[in-house]
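Trainee: I am new to this entry and would like to go through it step by step. Could we take it as questions and answers?

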Amino acid sequence: MSADAPADTGSRPDPAGHFGRFGGRFVPEALVAALDELTEAHRTAMTDESFRAEFAALLRDYAGTPSLLYPAERLSAKLGARVLLKREDLNHTGAHKVRNVLGQALLTRRMGKTRVIAETGAGQHGVATATAAALFDLECVVYMGEVDTERQALNVARMRMLGATVVPVTTGSRTLKDAMNEAMRDWVANVDGTHYLIGTAAGPHPFPALVRDFVRGIGDEARQQCLDQIGALPDAVAACVGGGSNALGIFHAFVGDPDVRLYGFEAGGEGVTTDRHAASITGGSLGVLHGARTYVLQDADGQTIESHSISAGLDYPGVGPEHAWLHDSGRASYLPVTDDEAMAAFELLCRTEGIIPAIESSHAIAGAAAIAPKLAAELGREPTIVVNLSGRGDKDVHTAGEYFGILGKEQ
Amino acid sequence: MSRIGVAFEKARAEGRAVLVGCMPAGFPTVEGSIAAMTAMVEAGVDVIEVEIPYSDPVMDGPVIQKASDIALAGGVRTADTLRVIEAVAATGAPVVTMTYWNPIERYGVDAFARDLDAAGGTGLITPDLIPEEADEWLAASDAYGLDRTFLVAPSSTDARLAMTVEHCRGFVYATAIMGVTGARAQTSDAAPVLVSRVRQVTDLPVGVGLGVGTGAQAGTVGGYADGVIVGSALIRRVLDAPDLQTGLAGLRTLGAELAEGVRNPVR
């Protein structure tokens with residue numbers, strides 16, 4: 001394979017949505033017709049030149065992509081690695097998620113549906129969905145765990161400003177997984193005119209493949225930018241993994257480049273040896289959750305265990321099935337990053353580069369810091385690491401302020 | 001003959017539908033759930049559907065969610081559910097188990113089939129397992145002679161309907177409405193259409209669930225279906241009661257009303 005052509009990463013998933021032993025469809029029969037319709041819409045859209053052109057134009061003119069690949073020199077000096085930040089935080093709405101919602105909003109219109117529903121954790125996907133719904137004149141209902149509506153009140157206001165209805169979910173642990181349950185229930189009842197705009201590369205087929213296809217531009221751009229800016233591919237690509245869309249988005253273009261190491265950093269919370277984390281791959285086991293077979297945080301009876309992360313966007317007890325497969329196949333490595341490590345990286349990026357990252361993305365920075373010395377030792381030189389800075393941290397300022405104890409009148 | 005088929009044969013001979021009553025194991029406690037299900041049998045419920053409580057029940061409405069949460073908060077384990085099944089089966093009523101897939105996968109599909117068989121269960125209703133993903137369950141249910149009920153929905157295509165019922169043994173579960181469980185004021189117009197579509201492709205009995213809560217509704221659904229499945233309305237009697245004894249009395253009253261309903265089918 002030549003170094004200047006994006007890699008062909010094969011035909012995964014299989015036609016039934018399996019990535020090896022992962023993925024598939026574990027859903028009520030009532031949803032199968034809608035999933036089939038969506039699968040067909042996705043398949044035809046991806047080969048339809050006019051769809052692709054419209055998507056590309058929206059990404060360029062509305063979302064502001066391609067996002068920059070920024071050589072973070074002061075951070076690099078601190079980490080002992082040449083760090084290139086993929087600035088998805090600069091996209092419209094402040095995260096990579098806008099790519100997915102624009103693609104799915106186009107699909108919604110293509111299917112003749114007029115209402116979208118979404119789940120959201122941190123609120124980023126909810127804001128992105130509300131944004132796309134406003135742009136496409138779609139009715140929009142966002143389900144959000146009650147706990148998350150409290151810790152992300154600003155994003156709730158943003159969604160309402162954009163015309164969306166935000167429904168606080170009061171069942172179960174009142175976080176992202178429960179918001180997904182509630183969105184599924186809405187979808188079963190309203191499937192005819194409603195599209196469930198899932199926010200990550202998880203859920204039943206075709207969602208994992210569909211979301212990946214809409215966010216893979218992150219990696220396609222980053223790969224080309226590397227070649228253009230430094231004349232080589234990076235030694236490693238790092239991203240945070242909750243459900244896993246930003247990581248898949250940046251990994252995908254590099255999967256066929258054997259010399260590029262892929263690292264996914266999961267939310268280690270208070271440590272994967274405690275029961276307070278959200279690291280489904282490193283701390284979970286094989287199971288079925290939200291429509292797919294994947295790695296899940298569960299107890300001995302298969303009941304989902306409540307996850308914990310300081311980052312609402314990573315606070316999810318499952319992971320997209322393609323990540324489970326990349327883990328099993330050994331192509332990507334998944335490691336946990338604790339709340340404290342992530343917050344240290346958050347502060348480091350603020351102070352070295354003047355960039356306030358999302359706490360989600362701070363996990364990727366912390367992970368890059370952890371692997372940098374190992375890579376340097378292995379390669380015998382300074383490694384080049386592309387880090388997906390998947391979102392900006394404005395929404396997290398309150399959480400960070402509390403964490404660092406800097407809220408209040410005097411400092 | 002399937003295990004649960006006997007109940008449908010008997011009801012058919014009486015010119016009526018089977019009444020299926022659903023309750024989560026461990027709600028409000030393990031012993032309380034055995035008492036509740038026994039009360040249902042005594043009131044005239046023909047078949048007991050024992051639901052394995054699950055943390056993420058996407059097909060269930062607020063009533064079953066709440067009952068499941070109470071059961072899980074009380075610490076109910078899958079092994080407890082098997083004990084409940086065994087105790088209720090001892091009353092002589094056929095017991096079918098309704099379960100989301102992950103608890104079974106976690107227990108081990110073959111091991112669960114073996115233990116369900118030993119407990120005297122008839123088989124499984126699997127709301128989030130479609131036949132395409134069910135290879136392991138197809139094999140295990142064959143090995144232990146257990147029934148398997150997959151769901152069909154108003155949105156199922158003719159091809160899927162035929163494929164799904166081909167994989168069923170015992171009875172077919174027709175979801176009356178596009179939506180989650182929970183009693184509703186009116187039964188669905190889509191249900192009779194769906195039942196007649198199922199009858200075109202199978203001789204298996206067809207049970208209708210989702211939304212049935214009164215004797216009159218049971219009579220209406222019993223007019224066109226072979227089984228009337230009631231969950232939330234029964235569970236609510238226990239959920240809303242100040243204590244278990246009051247709840248059991250409520251269950252007996254509603255169970256008798258529903259049993260009367262299926263004996264007065266609206267045709």
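**Hairpin, sheet, domains and chains**

Mentor: In this predicted model, the hairpin of E11(A) and E12(A) has 2 residues between its strands, and A:His290 there takes a positive phi near 50°.

Trainee: In which sense do strand E11 and strand E12 of chain A run, and how many bridges join them?

Mentor: Strand E11 of chain A covers residues 285–289, and strand E12 covers residues 292–296. Within this pairing, A:Gly287 has A:Thr294 of E12(A) as its bridge partner. The two strands run antiparallel, and the number of bridges is 5.

Trainee: Which strands stand at the edges of the open sheet of chain A, and why is one side of each left without a neighbour?

Mentor: The open sheet has 4 strands in the order E7-E6-E5-E8 of chain A, with parallel pairing. Each edge strand has a single partner strand, so one side of it has no neighbour in the sheet. The edge strands are E7 (165–169) and E8 (194–196) of chain A.

Trainee: Is A:Lys97 buried or exposed?

Mentor: UniProt, in an unreviewed entry, places the feature "modified residue: N6-(pyridoxal phosphate)lysine" at A:Lys97. The residue lies in helix H4 (residues 97–110) of chain A. A residue counts as buried if 20 or more other C-beta atoms lie within 10 Å of its own. A:Lys97 has 32 other C-beta atoms within 10 Å, so the class is buried.

Trainee: Which helix gives the most to the side of domain 1 of chain A that touches domain 2 of chain A?

Mentor: The domain assignment of chain A gives domain 1 (28–58 + 97–211) and domain 2 (63–94 + 216–404). Their contact takes 30 residues from domain 1 of chain A and 30 residues from domain 2 of chain A. Several helices of chain A each supply at least two residues of the domain 1 side, including H4, H5 (124–136) and H8 (176–190). With 5 residues, the helix that gives the most is H4(A).

Trainee: Where is A:Glu270 found, and is it buried, exposed or partly exposed?

Mentor: A:Glu270 is found in the loop between strand E10 (261–269) and helix H12 (280–283) of chain A. Leaving aside neighbours within four places in sequence, A:Glu270 is in contact with A:Arg276, A:His277, A:His308, A:Thr338 and A:Asp339. With 15 C-beta neighbours inside 10 Å, A:Glu270 falls in the class partly exposed.

Trainee: From which helix comes the largest share of the side of chain B that touches chain A?

Mentor: This contact takes 33 residues from chain B and 27 residues from chain A. Among the elements of chain B that each supply at least two residues of its side are helix H3 (62–73) and helix H8 (158–166). By class, the chain B side has 15 nonpolar, 10 polar and 8 charged residues. The largest share, 5 residues, comes from H5(B).

Methods. Residues numbered from 1 in each chain as written. Chains lettered and ligands numbered in written order. Predicted model: local features only at pLDDT ≥ 70, side-chain atom pairs only at ≥ 80, totals over all residues. UniProt positions renumbered as here; feature names shortened; annotations may be inferred. Buried ≥ 20, exposed ≤ 12 C-beta atoms within 10 Å, placed from the backbone. Domains from an automatic or database assignment. Contact = placed C-beta atoms within 7 Å. Pairing = 2+ DSSP bridges. Nonpolar A, V, L, I, M, F, W, Y, C, P; charged D, E, K, R; others polar.
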